[in-house]
Each structure stands twice: as structure tokens, then as C-alpha cells.
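Here are a few notes to read beside the model.

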Amino acid sequence: MRAPANASSVAAIGLPAPLRLDALELRLARLRLLEPFEVSFGRMDSRPLFLLRLQADGHEGWGECAAFDAPLFSYETVGTARHVIRDHLAPAILGREVRDLADLASRLGAFRGHPMAKAAIELAFVDLLARLRGEPVARVIGGVRHHVEVGVSLGIQPTVDALDERVRRFLDLGYRRIKLKIKPGADVPVVEEIRRRHPHILLSVDANAAYTLADAARLRQLDACRLLMIEQPLAHDDLLDHARLQMTLNTAICLDESITGHDRARQALDTGACRIVNMKVGRVGGYSEALRIHDLCLERGVPLWCGGMLESGVGRAHNVALASLPGFTLPGDISASHRYFERDVVVPPVAVSADGTIAVPTSPGLGFEIDRDFLESRTEWVERLRA
Ligand code: OSB
Ligand code: MG
């Protein structure tokens with residue numbers, strides 16, 4: 001595959017001639033999760049799937065908006081993303097000639113915030129470009145890996161045994177890293193026990209912003225568990241307190257919620273607020289910003305990995321492409337379709353090999369087909385926007 005992505009390569013993500021964007025279809029479907037997923041801010045039983053189909057030149061591209069029903073992980077929701085795309089972002093791009101990804105990003109960048117809404121459009125645009133170029137998305141964005149390493153993120157369980165049953169199940173399936181969700185009241189003893197039962201596995205925890213600096217002593221107890229990282233222990237928009245905490249911890253802090261873009265990532269690294277970065281294309285506003293953060297981490301030798309948002313196969317396929325970039329050096333939260341859903345909206349479903357990797361598709365675009373009949377059967381609403 002081609003040379004690693006760098007800042008200038010965002011402009012190279014285009015076509016020989018500008019592309020006129022004809023239509024955008026927004027769709028909300030919903031899939032039941034195989035089991036409820038509990039994190040520090042709440043419990044999810046189903047996943048709303050906000051899918052976006054962009055059309056140009058007789059071709060289409062698919063993206064997924066990572067927003068949930070409620071503003072719990074971030075301020076965006078399915079409702080805010082629908083409004084912002086329909087009333088602001090779509091009118092700024094439909095009927096326009098777009099030169100490349102940098103051009104698209106600068107049009108979307110005229111509007112403040114709403115990164116998940118913007119990302120959904122960027123994802124669909126890159127899939128569309130890839131299909132028009134007859135190349136896989138991974139190659140278009142500068143991917144170099146043929147396989148990406150995967151881990152699993154396990155929700156909070158009622159008992160340690162219930163959690164351990166899941167740890168064992170995913171280790172048996174080949175997953176290379178186990179991440180445990182924690183919150184005050186469900187943390188140190190649970191993590192200690194899992195570590196005791198599995199002395200050698202790659203293990204991490206994710207608090208989803210559930211602690212404050214007042215909990216520093218408790219978080220320091222986790223140092224004895226030899227974790228790969230503690231993900232987002234403190235507030236969702238904080239850097240300073242994370243820097244203070246990191247100074248007193250041996251374990252690396254990884255930031256998720258706090259990394260909202262390239263400048264925040266740079267500030268986090270400059271201030272020592274984290275030593276590892278979680279990348280979510282939705283959280284940072286799309287491929288253009290994701291590539292800049294990737295290049296920053298690569299340049300500074302900072303470990304980077306691809307997070308997840310319980311996406312359908314559409315978002316998952318984009319994550320696989322992203323994780324094929326050279327700077328992604330740790331297993332991602334990119335599990336198989338069957339870790340989440342009985343049936344995915346893509347065919348074939350995303351599958352994890354026995355060696356704990358997912359193969360990066362080599363066919364044009366995302367490398368997965370949309371299961372249109374099944375998607376239709378799970379659809380709650382569709383909205384078609386034209387130039
Ligand atoms: O913080 O990484 C997170 C899921 C929903 C919202 C936030 C997070 C997560 C996960 C699951 O950890 C990742 C996945 O498997 O998609
Ligand atoms: Mg997280």
C-alpha cells in the first residue's frame with residue numbers, strides 16, 4: 001500500500017476532477033444489543049444506527065454518525081446530528097463541486113462543533129471517493145496494514161464471575177486485549193481479581209469520566225494491576241487535572257472524551273495529560289482531523305489505537321480502514337459484528353480471526369455490502385436531501 005498519511009495527504013484524498021454532490025439520505029435504524037452494555041454513565045439495550053448515504057456521479061458512499069439517543073458520552077444526539085446535517089451541513093455541500101477531503105472539511109469546518117455530524121459526512125465522502133477510484137478506503141487514506149489487531153470492551157457486570165466468563169470467552173476467540181469498564185463502586189477489587197485470574201493478558205480499564213482528583217489515591221491502587229492504560233478517568237473536557245493525576249500514576253492515562261481534535265491532542269501530549277491516545281473518528285469530526293491526530297502521534301511516538309462506539313458494520317468498516325494506518329500500534333475496540341448484534345446491517349458481518357485480527361478489505365470502498373432488506377426492516381425513519 002502507499003506511503004503513510006501525513007498532513008498534506010488530506011488534500012490528496014480526492015479525484016482528478018471535482019465531484020458534484022447530488023443527494024444525501026439520512027436513515028435511523030435500530031438494533032438490539034445481544035446483551036445490555038453498562039458503562040459509568042448508563043446502560044444501553046439497543047443501538048440507534050444513524051446511517052448516511054451520499055450520492056454523486058451515479059455512485060454512493062456510506063457513513064455512520066456515532067451519536068446516541070441521549071447526550072451522555074458527548075453533547076451530540078441523534079436529534080442534534082439530524083438537525084445540524086439537514087439544516088446546515090447538507091446545504092453547504094449538496095450541489096457543490098467538492099475537490100477533495102480537505103475542501104469538504106473546510107466547508108464543514110465553517111460550523112462550530114457537532115463533530116459526529118460532520119464525521120458522518122466525511123466517512124460517506126471517503127467511501128464514495130474510494131468506490132469512484134476503485135480502491136479500498138484503507139488505501140485511499142494511506143493504510144499500510146493488511147490486518148488490524150483487536151480487543152474487546154466489556155461492560156460493567158453484576159459479579160466478578162459474570163465478568164470473568166466474558167473475559168475468558170473473548171480470550172478464547174482470540175481477542176488480544178481486554179478492556180473493563182469501571183465506575184466508583186465497581187473498580188479496584190474487580191480489576192484486581194480479573195488480573196489475579198489472568199496474570200499475563202493485556203488489560204485496561206475505561207472510567208468514562210466517572211472520577212475526580214479527589215479519587216486519585218483510589219486510582220493509584222490500580223498501578224498494582226499492571227494495566228496497559230486507564231482510559232478517561234476524569235472529566236470529559238479536562239486536560240489539566242489529568243496532567244496532575246498522570247504525574248502521580250505509574251500507569252499510562254489514555255484520553256478518549258477529552259481528545260476532540262488535533263489541537264486538544266497536541267495540548268494533551270504537551271502537558272502530559274495522557275501518554276496514549278484513543279482515536280474515534282466521530283469524536284474528532286471525521287477523517288481529516290483523525291489523520292492529523294494520527295500524524296501527530298506517529299511523529300511523537302505516542303501509542304494510538306482505534307476506539308469504538310458500538311457501531312454497525314458501516315462505522316466498523318471505517319474503523320478497520322483507519323486502524324490500518326501505521327500509527328495505530330495498539331489493539332482497537334473494533335470487535336466482530338457478533339460481539340454486539342445478532343445480525344449486522346452489512347454482509348458479510350465483520351469477523352475476527354482466531355489470531356485476534358480483522359482482515360482489512362481489499363475490494364473498492366468499505367469492502368462490505370449493505371444488507372438493504374434487513375436494514376429496511378430495522379429502519380425507523382429516512383430523510384432524503386437533494387441539491
Ligand atoms: O468510552 O470507549 C468508550 C462504547 C460506547 C461509548 C463509549 C465507549 C464505548 C466502548 C465500546 O468502550 C467500544 C466498542 O466496542 O465499540
Ligand atoms: Mg472510552
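This is a predicted model: local features need pLDDT of at least 70, side-chain atom pairs count only at pLDDT 80 or more; totals for chains, interfaces and linings use all residues.

1. Residues are numbered from 1 along each chain as its sequence is written, chains are lettered from A and ligands numbered from 1 in the order in which they are written, and side-chain values use heavy atoms, with hydrogens and water left out.

2. Domain 1 covers 7-134 + 372-386 and domain 2 covers 140-370; such bounds come from an automatic or database domain assignment. Taken over C-alpha atoms, the domain centres are 22 Å apart. In contact terms (heavy atoms within 4.5 Å), 40 residues of domain 1 meet 46 residues of domain 2.

3. Across this interface there are 16 residue pairs in polar contact, both residues being at pLDDT 80 or more. A polar contact is a pair of N or O atoms within 3.5 Å; within protein, one must be able to donate a hydrogen and the other to accept it, and residues adjacent in sequence count only if both atoms are side-chain atoms. On the side of domain 1 that touches domain 2, the elements giving two or more residues include β2 (23-39), β3 (42-56) and α4 (115-133). Of the elements on that side, α4 gives the most, with eleven residues. Helices (H or I, at least four residues) and strands (E, at least two) are DSSP runs, numbered from the N terminus.

4. How many salt bridges are there between domain 1 and domain 2? The count is two. A salt bridge means a side-chain nitrogen of Lys or Arg within 4 Å of a carboxyl oxygen of Asp or Glu. Glu38 and Lys183 form a salt bridge, with their closest N and O atoms 3.2 Å apart. Over the whole structure, the search finds 42 salt bridges.

5. Do look at Glu25, which sits in strand β2. Is Glu25 buried or exposed? Glu25 counts as buried, at 3% relative accessibility; buried means under 20% relative accessible area, exposed over 50%, and partly exposed in between (1.4 Å probe, protein chains only). Its side chain makes polar contacts with the side chains of Arg27 (3.2 Å) and Arg384 (3.0 Å).

6. Within helix α4, Asp127 and Arg131 are four residues apart, so about one helical turn separates them. Their side chains meet in a salt bridge (2.8 Å, N to O). Asp127 is buried at 0% relative accessible area, whereas Arg131 is partly exposed at 22%.

7. A salt bridge also links the side chains of Asp333 and Arg177 (2.5 Å, N to O). Asp333 lies in the loop between α13 (313-323) and α14 (337-340) and Arg177 in the loop between α6 and β8, so this pair ties together parts 156 residues apart in sequence. Both partners are buried: Asp333 has a relative accessible area of 5%, and Arg177 has 0%.
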